[in-house]
Amino acid sequence: MSVGDYIRESQIWKSVFRHPAPYDRRNRVVVMLTNFFLHLHPVSVKQEGIALSYTWCMGGITFFLFLVEAITGVLLMFYYRPTLEWAFNDIQALRDVNTLGVMREVHRWGAHAMVITVWLHMYRVFLTGSYKPPREFNWVVGVILLKLTLLLSFTGYLLPWDQLAIWAITVGSNMARATPVLGHEGPGFQLLNIGGYDLITNASDARFLLLGSKFVGEETLNRFYILHCVAIPLVVAGLIAIHFWRVRKDGGISQPL
Amino acid sequence: MPLDPHPNLTPAVIFGLGWLYLIQFLMNLAWTVRSLKRDGHHPLPALFGGGNVPVASWWGLYTSLLGMVAFAHLTGSSTPENFVIGMPEFIKPGIDWVVASAVRYFSVSMLAYVGVIWFRRVLATPTAGWLMLNGATLFLTLSMADYDFRQIVGKPDNVPIVAMLFIVGFFTWLAFSRANDNDKRIAEGRPLREAEGNEKVLTWPDLVYTELVCMIALTAFLFVWGVCLQAPLEEPASSVKTPNPSKAPWYFLGLQEMLVYYDPWLAGVVFPSVILGGLMALPYIDFNKKGNGYYTFNERKFSISVFMFGFLPLWVGMIILGTFLRGPNWNMFGIYEYWDVHKLEALNNVDLSEYFWYSLNMVRPMPTPDMSLGEQAITILKREWLGIVLTLGYLVIAPSIMAATIFRNFALRMGFIRYMVFANLVLMMAALPIKMVLRWAFNLKYIIGIPEWFLNV
């Protein structure tokens, strides 16, 4: 008996993988049903449906990039402190001193790539008409995921606390000032007032809610850090689960009816 | 001779360009081999003695030229002053003239968009695609020999955007080539490519192996990218040193570009919400049952054209404009132009109400502080009545007119609510180009200009 067979026959191995290796047809079916990570997939798929020139693999790549961002992001959290004193220095140390600093480069480039792959995934889904019935609702979930991807990237943009970061966020969040009714420079902000006192000021409007401050400062850094590392990823993870679930329930990868 | 602070060519740049040429050499070498196998022969003109030559010979010629150029660059066989390969100086002002103006840039991108759809059958062939790819890479490489071009295109944060241009171009080409194939099949009554011999295969191994290879390749790619090119990190943040220009993250630059034409409440809040809402509404608006699950253009001409119009010239095109062409003071700059902070552009934009009252030779009514709130409101409404009527007409009456004319079939098949949502989304999308044209043609600032209430349209 070879070592490989010895391991595969052991009680430990069998307790983890509850079937023989997927060498024959039966076990190739069983592996898809009994493995947690594989059970996202159906047992069989249409040949043309999984052709790269059909799917462009963009949805899968986007999900993979999300995992890359999650893993590198957690590693970065060990090194990064979201305070005015340390944020920039920590990133610079990651870049120049730290051996694991390449995680930061991968995280940043991966984030850029993810924004692009999300668009391309949407482009492909549109061009193949895959939003049409019965997949309408999954398209809606996808649009929300697109928006959240942009928000993830936007909140992450601030964290290095360099010139690029604060001014990009300043320009981006200045828009919130002009939110109708809820921004202090937006049309109709005067509507919300009690006895002549405006409720919407630069210390209480939509922009203040976003920044936690009247300008991009330490409160903003903290707020964006929590949004970037905890709040948005949790929502995204939940929606991704629904998105995948619905891909299966709506009939798998789209194909001619 | 004093040292040029902005040298077009240095030994390091020449070496870098050598790599770019080498990549193109290798790409075209592979293509030449492919061409030799597939493209066949074509006749030579009698002038050259007639006879047939393989199409591949032309690619071979081009490839060997690239090889020689790459060799010259990589070995640094001459001093920078003696290098003549680069975008010719006499072409640069012409290209700058086209791109350093929002009017011309947008016109060219519109022409390109119409051209892509119109000539899709020609453009989506492998040879045409390869020619376009070569054109783009050659243009990029030749331009990289220019100092100012390098400054803006080589900025770390802009690298993904250059890559995106190529990627979006490639996938648009791929989608059209598959759509053309299917459209031809439909016309000939043959089964779709997606439906032909489309048998079920087991996910293990057919799909999971693809996924595995894809994951490994991507991981390797990301690490190589991260090691070769450091992600952007500028000086430490300073709330007193405002950079000029101050730009939003690159994927929002299309929205920032809208700020030139619309106020923040529209460009930054309302339009982005409409874009997202419109995207979500899309599957409920599109009643066309055809084209579900396969590539086609002919069966969905309208929806694909509209979507591509939004994605290509408006979204991606505006990001390109915002990234590469908007410089200090949000002025437009050519790609070979130095970002001069002191460049001046006259901006004398006029509100519609100003045009209106001056053309009547009447004083434009303005509210004064001693008026009561009600009087102020009436004065403002009187001043801006034309713009308000036009805007309301655009959003309320135009859908009815369209329902009776160009969108007659749509209105009949969609029903009232669905049609109104659709019509308003189309009108909102068209609002940006319309305002652009009004700005360029009449220097129009606001159609409704009520700065008193922050309500400018």
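Me: Before we look at any pairing, what has to be found for two strands to pair?
Reply: Two strands pair if DSSP finds at least two bridges between them. Here, in what is a predicted model, three bridges join β1(A) to strand β3 of chain B, residues 200–202, and the two strands run antiparallel.

Me: And which residue stands opposite S44(A) there?
Reply: That is L202(B), which belongs to β3(B).

Me: How many residues are in contact between chain A and chain B?
Reply: On the chain A side there are 82 residues, and they are in contact with 74 residues of chain B. The elements of chain A that give two or more residues to that side include β1 (44–46), α5 (58–77), α7 (102–127) and α8 (136–158).

Me: Which element gives the most?
Reply: It is α7(A), which gives 15 residues to the side of chain A that touches chain B. Taken by class, that side of chain A has 49 nonpolar, 20 polar and 13 charged residues.

Me: Switching to chain B, how is it divided?
Reply: Chain B has domain 1 (1–42 + 49–85), domain 2 (87–192 + 246–345) and domain 3 (352–456). The centres of domain 1 of chain B and domain 3 of chain B, taken over C-alpha atoms, are separated by 55 Å, while the C-alpha trace of chain B spans about 85 × 75 × 55 Å along its principal axes.

Me: What is it built from, and how much of it is buried?
Reply: Chain B has 17 helices and five strands, and 28% of its 457 residues count as buried. Among the contacts in chain B between residues at least 6 apart in sequence, 70% join residues at least 24 apart.

Me: At what angle do α4 and α12 of chain B pack?
Reply: Helix α4 (residues 102–118) of chain B and helix α12 (residues 301–325) of chain B pack at about 145 degrees, with 10 Å between their axes, and α4(B) passes α12(B) in a right-handed crossing. Among the residues that meet there are Y105(B), M110(B) and Y113(B) from α4(B), and M308(B), F309(B) and L312(B) from α12(B). The contact of α4(B) with α12(B) has ten nonpolar and three polar residues, and no charged ones.

Me: And chain A, what are its domains?
Reply: Chain A is divided into domain 1 (1–39) and domain 2 (53–249), and 40 Å separate the centres of these two domains of chain A, taken over C-alpha atoms.

Me: Now the backbone: which peptide bonds in chain B are cis?
Reply: One of them runs from W204(B) to P205(B), with omega near 15 degrees, and P205(B) is found in helix α9 (residues 203–228) of chain B. Another joins N244(B) and P245(B), with omega about 0 degrees, and P245(B) lies in the loop between α9 and α10 of chain B. As background, most peptide bonds are trans, and most residues other than glycine have a negative phi.

Me: Where is W161(A), and why does it count as buried?
Reply: W161(A) is in the loop between α8 and α9 of chain A, and its phi is near 55 degrees, a positive value in a residue other than glycine. W161(A) counts as buried because it has 24 C-beta neighbours inside 10 Å, and the cut-off for buried is 20 or more.

Me: What about V181(A), buried or partly exposed?
Reply: V181(A) counts as partly exposed, because it has 15 C-beta neighbours inside 10 Å. Its phi is also positive, near 70 degrees, and V181(A) lies in the loop between α9 and β2 of chain A.

Key
Residues are numbered from 1 along each chain as its sequence is written. Chains are lettered from A and ligands numbered from 1 in the order in which they are written. This is a predicted model: local features need pLDDT of at least 70, side-chain atom pairs count only at pLDDT 80 or more; totals for chains, interfaces and linings use all residues. Domain bounds come from an automatic or database domain assignment. Axes are lines fitted to C-alpha atoms, for helices over the stretch in contact, and angles run from 0 to 180 degrees between N-to-C directions. Helices (H or I, at least four residues) and strands (E, at least two) are DSSP runs, numbered from the N terminus. A crossing is left-handed if the near helix is turned anticlockwise from the far one by less than a right angle, and right-handed if clockwise. Two residues are in contact if their C-beta atoms, placed from the backbone, lie within 7 Å. Ala, Val, Leu, Ile, Met, Phe, Trp, Tyr, Cys and Pro count as nonpolar, Asp, Glu, Lys and Arg as charged, and the others, Gly among them, as polar. A residue is buried if 20 or more other C-beta atoms lie within 10 Å of its own, exposed if 12 or fewer, and partly exposed in between; C-beta atoms are placed from the backbone.
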